[in-house]
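Visitor: Please take one part of this structure and go through it closely, with its surroundings. Give the cut-offs as you go.

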Amino acid sequence: MKSHSLRLAGLVAILLAVAALAVGCGGSGGTDTSASSGSSDLTTIEPGVLTIGSDIPYKPFEFGQPPYEGFDVDVANAVAEKLGLTTKFVKTPFDTIFRDVAQGKFDMVVSAATITPERAKQVAFSDPYFAADQALTVSEGSDIQSVDDLKGKTIGAQLGTTGEDYANKSTDAAEVRTYDLVDDALQALAAGQIEAAIIDFPVAADAQDSGEGVLVAQTIPTDEYYGMAFSPDTPELTAAVNKALQEIKDDGTYSDIYNQWFKQDPPDEILKPGGEQNAQK
Amino acid sequence: MPPDAPLLRLEGVTKNFGKLEVLRSIDLEVTPGEVVCIIGPSGSGKSTLLRCVNQLEPTTAGKVYLEGEEITACKEREADVIRRRIGMVFQQFNLFPHKRARETGPLAPETVLGRRSAEADERGRALLERVGLSDKVDEYPERLSGGQQQRVAIARALAMDPHVMLFDEVTSALDPELVKEVLDVMRELAAEGMTMLVVTHEMGFARDVASRVVFMDEGVIVEEGPPAEVLGNPREERTKRFLGLVLAH
Amino acid sequence: MDVVVKQYFDFPFMWEHSGVVLAGFWITVQLSLWAGAFSLIWGLILALLRSLPGRWAKPVRAITIAYIDVFRGIPLLIIILLVGGSLAFISVLPRWLRIPEFFGYPEVFWYGVMAITITYGAYFAEVYRAGIDAVPRGQIEASRSLGMGRWATMRFVTLPQAIRKVLPPFLNDYTALMKDTSLVSVLGLPEAVRVGRELQSEYFNASGLILGALLFLLFTLPLARLVDRQIKKQNIRFQRAP
């Protein structure tokens with residue numbers, strides 16, 4: 001846990017560094033040729049390392065074995081590089097991830113986390129770095145075609161997600177079962193314990209492509225944006241990450257990563273400078 | 001069966017526990033109504049002999065006949081049936097702690113003989129009265145004295161209407177003042193004509209009640225005969241020595 | 001500290017959501033009752049199989065011992081995950097067995113019952129065994145010499161005494177079983193712990209879990225006192241026996 005004076009010193013250092021950079025570089029864009037100099041003064045839990053909490057696995061965003069792979073992993077690594085830091089991903093359950101980062105267990109959370117007003121009361125979010133929808137996922141051969149078909153049925157979602165929220169508040173399902181891991185929900189779906197699952201679209205699409213016997217019956221446009229989450233007590237880190245995020249969006253790094261994982265260009269709204277789409281939906 | 005054919009016959013009964021020879025080719029006959037008292041030093045095999053009679057211990061060799069039927073060679077289920085005719089009372093009472101006195105007697109008759117509860121209960125009470133415990137019918141064993149428990153045990157054995165009763169040092173674990181009440185019950189049983197095989201240290205009882213006394217030592221029958229002879233005027237040296245030791249105090 | 005109180009001991013929050021937590025705990029109770037009953041029966045069967053006499057029964061005894069060792073040695077959570085994840089797919093079984101929905105409970109409820117029974121049956125079998133072994137041999141001899149066979153002896157003499165003797169360990173294991181029902185939450189069953197966590201994820205307040213814990217204590221504390229009383233009663237009784 002950081003002490004107040006240390007935090008204050010860090011904040012002052014950052015502000016000075018940012019001011020120096022702003023003066024030094026001038027103009028918009030602020031692209032740099034190498035890892036930025038002043039930002040390695042950022043106070044992180046472990047010096048020189050960005051400790052990142054993430055609910056792994058969550059294909060295709062974060063999965064595999066350490067040092068892990070996925071869209072989130074690549075984006076986080078790119079951001080950290082701009083900040084002159086290395087990354088350390090820490091596996092953590094999703095339903096307590098916001099509390100954990102708010103209490104300082106991690107420097108930040110990069111875990112396909114949707115920006116919501118409720119969560120924003122607990123944590124500070126970065127600018128959006130991904131646009132997502134929910135997907136109504138069913139097993140092959142199901143006759144469910146839309147959320148209207150869910151009346152009276154038993155469905156599932158991952159605990160603590162916006163999918164769970166949607167399932168509870170916006171469907172007529174008789175029962176919503178929650179699972180610790182998204183894969184548990186998919187497995188329950190395949191086992192016939194639930195008739196549908198409401199999960200993030202990219203995850204559902206990945207499951208569909210992997211031949212797990214599930215498919216996306218309907219894309220539920222929820223206009224969600226993923227953000228990286230921080231403790232409200234580390235605004236300098238949030239600001240630094242936002243800056244780095246914008247840098248990789250501007251210099252094409254982000255597009256490359258996006259194309260690698262989703263085989264298409266990222267939507268313009270994501271590439272726009274931060275602040276304009278901090279979702280309040 | 002002819003009137004004086006033996007109720008019980010042991011033929012060459014031998015019992016080894018591993019290498020230890022506890023019984024060496026015992027031959028013994030008990031006729032109906034006889035009271036045979038078996039005396040001898042500890043380790044002589046007296047208790048083992050009794051336990052071989054009702055097959056609690058299987059014999060290593062030799063045969064046991066009950067009323068002409070050989071019980072040594074039969075399967076377990078048949079042995080259970082035969083045991084109904086043999087009652088046994090133990091040194092440590094072995095009463096069922098979860099059964100009241102009036103429930104103890106009817107247990108086996110109900111479950112084994114299929115007697116109806118009313119009938120079995122009636123019989124149980126009658127037997128408890130016979131052994132002098134009508135005022136203790138509702139008690140659990142833990143609230144009875146040793147002598148009372150042993151009398152309940154006798155009543156329990158009698159409930160199955162056995163043809164012969166085995167008594168395995170039934171007063172040895174009792175406080176001296178409680179011994180008499182148990183021996184009195186046994187005397188009455190003998191007087192009523194029950195065939196009894198009694199392992200005991202109570203020489204007074206043997207002298208008064210036994211039709212025959214058998215002295216055993218180191219797994220063999222050393223001497224047997226009427227109590228006056230064996231106890232009063234033993235032939236064998238070993239018998240004399242044992243009695244000298246026992247009767248001295 | 002203030003944060004901790006508000007996060008975990010928010011009593012207005014508990015009151016507001018007591019309905020849903022109680023509903024979850026009711027499922028916990030039902031799961032404990034069903035699983036407990038089946039475990040007691042299955043444990044007795046295992047204990048009896050384990051003590052079958054005779055040479056021909058040796059394979060039966062060996063398999064039973066192996067079963068008991070194995071299922072006392074594997075975490076219940078693994079069994080729950082295995083049953084929950086695989087039972088539905090064992091095609092040789094009829095559907096009503098693969099996806100059981102007796103009495104209107106969801107199939108994950110019955111998977112929980114099955115998994116708990118499989119595991120706790122093994123624990124109870126050992127408790128029964130200890131009780132059976134503790135019955136004095138003299139009792140058995142007296143019973144057999146009355147002409148009661150092995151089974152009658154077991155039923156009327158050994159088991160009644162054995163069970164009375166091992167009531168404390170039984171109650172202890174049953175308390176453990178009741179707490180372990182919370183593991184079935186991993187299958188999505190809306191029992192007390194799952195409900196508490198759902199409240200936490202929606203409202204960022206863990207007081208629902210504390211309420212669940214209090215409800216558990218309502219059962220486990222009296223059970224613990226009952227165990228103590230039983231032990232005291234038995235000590236008195238056995239001190240007076242000859």
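Guide: Contact here means that heavy atoms lie within 4.5 Å of each other. Helices (H or I, at least four residues) and strands (E, at least two) are DSSP runs, numbered from the N terminus. The model is predicted, so local features need pLDDT of at least 70 and side-chain atom pairs count only at pLDDT 80 or more, while totals for chains, interfaces and linings use all residues. Residues are numbered from 1 along each chain as its sequence is written, chains are lettered from A and ligands numbered from 1 in the order in which they are written, and side-chain values use heavy atoms, with hydrogens and water left out.

Along the principal axes, the C-alpha atoms of chain C fill a box of roughly 70 × 55 × 30 Å. Of its 242 residues, 50% are buried, where buried means under 20% relative accessible area, exposed over 50%, and partly exposed in between (1.4 Å probe, protein chains only). Among the contacts in chain C with a separation of 6 or more, 77% are between residues 24 or more positions apart.

Helix 5 of chain C gives a view of the interior. This helix covers residues 76–86, and its buried residues are C:Leu76, C:Ile79, C:Ile80, C:Val83, C:Gly84 and C:Gly85. In an α-helix there are 3.6 residues a turn, so residues three or four places apart point the same way. The buried residues of helix 5 pack against helix 4 (58–73), helix 7 (107–134) and helix 10 (167–180) of chain C.

Chain C also meets its neighbours. Two pairs of chains touch, and the pair with the most contacts is B and C. This contact takes 20 residues from chain C and 26 residues from chain B. Interface size is often given as the accessible area lost when the parts come together. Buried area is that loss for two parts put together, with a 1.4 Å probe, summed over both; between chain C and chain B it is about 2,100 Å², with 57% from carbon and sulfur atoms.

A salt bridge is a side-chain nitrogen of Lys or Arg within 4 Å of a carboxyl oxygen of Asp or Glu, and by this rule there are four across the interface of chain C and chain B. In one of them C:Arg144 pairs with B:Glu76, with the closest N and O atoms 3.1 Å apart. Seven residue pairs, both at pLDDT 80 or more, are in polar contact between chain C and chain B. A polar contact is a pair of N or O atoms within 3.5 Å; within protein, one must be able to donate a hydrogen and the other to accept it, and residues adjacent in sequence count only if both atoms are side-chain atoms. On the side of chain C that touches chain B, helix 8 (137–145), helix 9 (150–165) and helix 12 (207–240) of chain C each give two or more residues. Helix 8 has the largest share, with seven residues. By class, that side of chain C divides into seven nonpolar, seven polar and six charged residues, where Ala, Val, Leu, Ile, Met, Phe, Trp, Tyr, Cys and Pro count as nonpolar, Asp, Glu, Lys and Arg as charged, and the others, Gly among them, as polar.

Of the 281 residues of chain A, 52% are buried. Its contact with chain C takes 22 residues from chain A and 20 residues from chain C. The area buried between chain A and chain C is about 1,800 Å², and carbon and sulfur atoms give 44% of it. There are five salt bridges between chain A and chain C, including the one that joins C:Arg194 to A:Asp180 at 2.8 Å, N to O. Nine residue pairs, both at pLDDT 80 or more, are in polar contact between these two chains. Helix 3 (97–102), helix 4 (117–120), helix 5 (162–170) and strand 7 (175–179) of chain A each supply at least two residues of the side that touches chain C.

Chain A and chain B do not touch, and their nearest C-alpha atoms are 49 Å apart.
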